[in-house]
Amino acid sequence: MAADDANSPRLSDVILSYLEANPNAGDTLDGVVMWWLGPNRSRVSRSEVSEALESLVEQGRIQKSAPAGGETIYSLKTARSKR
């Protein structure tokens with residue numbers, strides 16, 4: 001998302017909004033770009049999405065998991081996983 005577009009929601013807010021509306025969602029970086037960002041996806045780079053996801057992980061807002069031999073999956077941090 002263009003940094004100078006003051007009317008655009010922050011990328012991390014868009015991701016969190018999607019997860020709040022779809023709390024059982026989980027996807028890879030490419031899946032997040034393709035499906036979670038809706039009409040915003042054409043305005044952001046893959047690296048911007050990756051940075052936003054990692055920031056949300058660091059903040060404890062979302063979690064990531066890497067199944068054996070698979071890609072990293074991002075999802076909403078559940079009450080069970082907050083322990």
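Colleague: Which residue follows α2, and what is its phi?

Modeller: Happy to start there, with a note that this is a predicted model, where local features need pLDDT of at least 70, side-chain atom pairs count only at pLDDT 80 or more, and totals for chains, interfaces and linings use all residues. Residues are numbered from 1 along each chain as its sequence is written, and side-chain values use heavy atoms, with hydrogens and water left out. Helices (H or I, at least four residues) and strands (E, at least two) are DSSP runs numbered from the N terminus. The residue after α2 is Gly 38, and its phi is positive, near 55 degrees.

Colleague: Which residues of α2 are buried, and what do they pack against?

Modeller: Buried means under 20% relative accessible area, exposed is over 50%, and partly exposed is in between (1.4 Å probe, protein chains only). In α2 the buried residues are Leu 29, Gly 31, Val 32, Val 33 and Trp 36. Contact here means heavy atoms within 4.5 Å. The buried residues of α2 pack against α1, β1 (26-27), α3 and β3.

Colleague: How are the rings of Tyr 18 and Trp 36 arranged?

Modeller: Rings of Phe, Tyr and Trp (its six-membered ring) pair if their centres lie within 6.5 Å; planes under 30 degrees apart count as stacked, over 60 as edge-to-face and the rest as tilted. Tyr 18 lies in helix α1 and Trp 36 in helix α2, so the pair ties together parts that are 18 residues apart in sequence. Trp 36 is buried at 5% relative accessible area, whereas Tyr 18 is partly exposed at 23%. With 5.0 Å centre to centre and 15 degrees between the planes, the pair is stacked.

Colleague: Is Ser 75 buried or exposed, and which residues does it contact?

Modeller: Ser 75 sits in strand β3. Its relative accessible area is 14%, so Ser 75 is buried. Leaving aside neighbours within four places in sequence, Ser 75 is in contact with Leu 19, Ala 25, Gly 26, Ile 62 and Gln 63.
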